[in-house]
Amino acid sequence: NFAEFSGEDRLLDKDELTELWRDIAVKSAGKLSEDDEKLIRAAAEQLMKEMDLDENGSVSYHEFVAHALGGMDARGSLRSMRRELNREAKENPQKFQELIEKFREWDTNGDGFVTPA
């Protein structure tokens, strides 16, 4: 549950991610060495850079889900959607513009994500 780990602000920061990762490692492996701790901190920092799409130092639920689905990664499940959108934009630019306008209607608060009802 993302909300459980992200704290009151509903954003996951590097320290929260590191602590979550550390807790899971301790439950799995027991006591961690200093090298294990360093590796977890470094890996959490790298993962934060990958997930923090707006580069504000924290990860929202939407950023987390985008990363979990593959984000901009070529192997991700969003790959076929990107491919289809690119094809459609080339073949029918007007339809693509209509899609953008529809998205803007759904993004009522202007944050770049569909606003929940």
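This is a predicted model: local features need pLDDT of at least 70, side-chain atom pairs count only at pLDDT 80 or more; totals for chains, interfaces and linings use all residues.
Trainee: Let's start with helix 2 and helix 3. At what angle do they pack, and how far apart are their axes?

Mentor: Helix 2, residues 14-29, packs on helix 3, residues 34-51, at about 130°. Their axes are 9 Å apart. That angle makes helix 2 oblique to helix 3, because angles over 145 would be needed for roughly antiparallel and 65 to 115 for roughly perpendicular.

Trainee: And is the crossing left-handed or right-handed?

Mentor: Right-handed, for helix 2 passing helix 3.

Trainee: Which residues of helix 2 make the contact?

Mentor: On the helix 2 side you have Lys 14, Leu 17, Thr 18, Trp 21, Arg 22 and Ala 25. Helix 3 brings Glu 37, Ile 40, Arg 41, Ala 43, Ala 44, Glu 45, Leu 47, Met 48 and Met 51.

Trainee: How do the residues of that contact divide by class?

Mentor: The contact of helix 2 with helix 3 has 9 nonpolar residues, 1 polar and 5 charged.

Trainee: OK, on to helix 4. How does helix 3 pack with it?

Mentor: Helix 4 covers residues 61-68, and the angle with helix 3 is about 100°. Again the figure for the axes is 9 Å apart. Helix 3 and helix 4 are therefore roughly perpendicular to each other.

Trainee: Who's touching whom there?

Mentor: Leu 47, Glu 50 and Met 51 come from helix 3, and Glu 63, Phe 64 and His 67 from helix 4. By class, that gives 3 nonpolar, 1 polar and 2 charged residues.

Trainee: Switching to serines. Where is Ser 6, and is it buried or exposed?

Mentor: Ser 6 lies in helix 1, residues 2-6. It counts as buried because its relative accessibility is 0%, and the cut-off for buried is under 20%.

Trainee: What does its side chain reach?

Mentor: The side chain of Ser 6 reaches the backbone oxygen of Ala 3 at 3.4 Å. Leaving out residues up to four places away in sequence, Ser 6 touches Leu 11, Leu 12 and Glu 16.

Trainee: And Ser 58, where does that one sit?

Mentor: Ser 58 is in strand 2, residues 58-59. With a relative accessible area of 10%, Ser 58 is buried.

Trainee: What is Ser 58 in contact with, neighbours within four places aside?

Mentor: Leu 11, Leu 12, Asp 13, Met 48, Asp 52 and Glu 63. Leu 11 and Leu 12 are touched by Ser 6 too.

Trainee: How far is Glu 4 from Glu 50?

Mentor: In sequence they are 46 residues apart. In space, Glu 4 and Glu 50 are 21 Å apart, C-alpha to C-alpha.

Trainee: Last topic, backbone angles. What is phi at Arg 10?

Mentor: Arg 10 has a positive phi of about 60°, although it is not a glycine. It is located in the loop between helix 1 and strand 1.

Trainee: And what about phi of Glu 55?

Mentor: Glu 55 has a positive phi as well, near 55°, and again the residue is something other than glycine. Glu 55 belongs to the loop between helix 3 and strand 2. At 70% relative accessibility, Glu 55 counts as exposed.

Note on methods. Residues are numbered from 1 along each chain as its sequence is written. Side-chain values use heavy atoms; hydrogens and water are left out. Axes are lines fitted to C-alpha atoms, for helices over the stretch in contact, and angles run from 0 to 180 degrees between N-to-C directions. Helices (H or I, at least four residues) and strands (E, at least two) are DSSP runs, numbered from the N terminus. Angles under 35 degrees count as roughly parallel, over 145 as roughly antiparallel, 65 to 115 as roughly perpendicular and the rest as oblique. A crossing is left-handed if the near helix is turned anticlockwise from the far one by less than a right angle, and right-handed if clockwise. Contact means heavy atoms within 4.5 Å. Ala, Val, Leu, Ile, Met, Phe, Trp, Tyr, Cys and Pro count as nonpolar, Asp, Glu, Lys and Arg as charged, and the others, Gly among them, as polar. Buried means under 20% relative accessible area, exposed over 50%, partly exposed in between (1.4 Å probe, protein chains only). A polar contact is a pair of N or O atoms within 3.5 Å; within protein, one must be able to donate a hydrogen and the other to accept it, and residues adjacent in sequence count only if both atoms are side-chain atoms.
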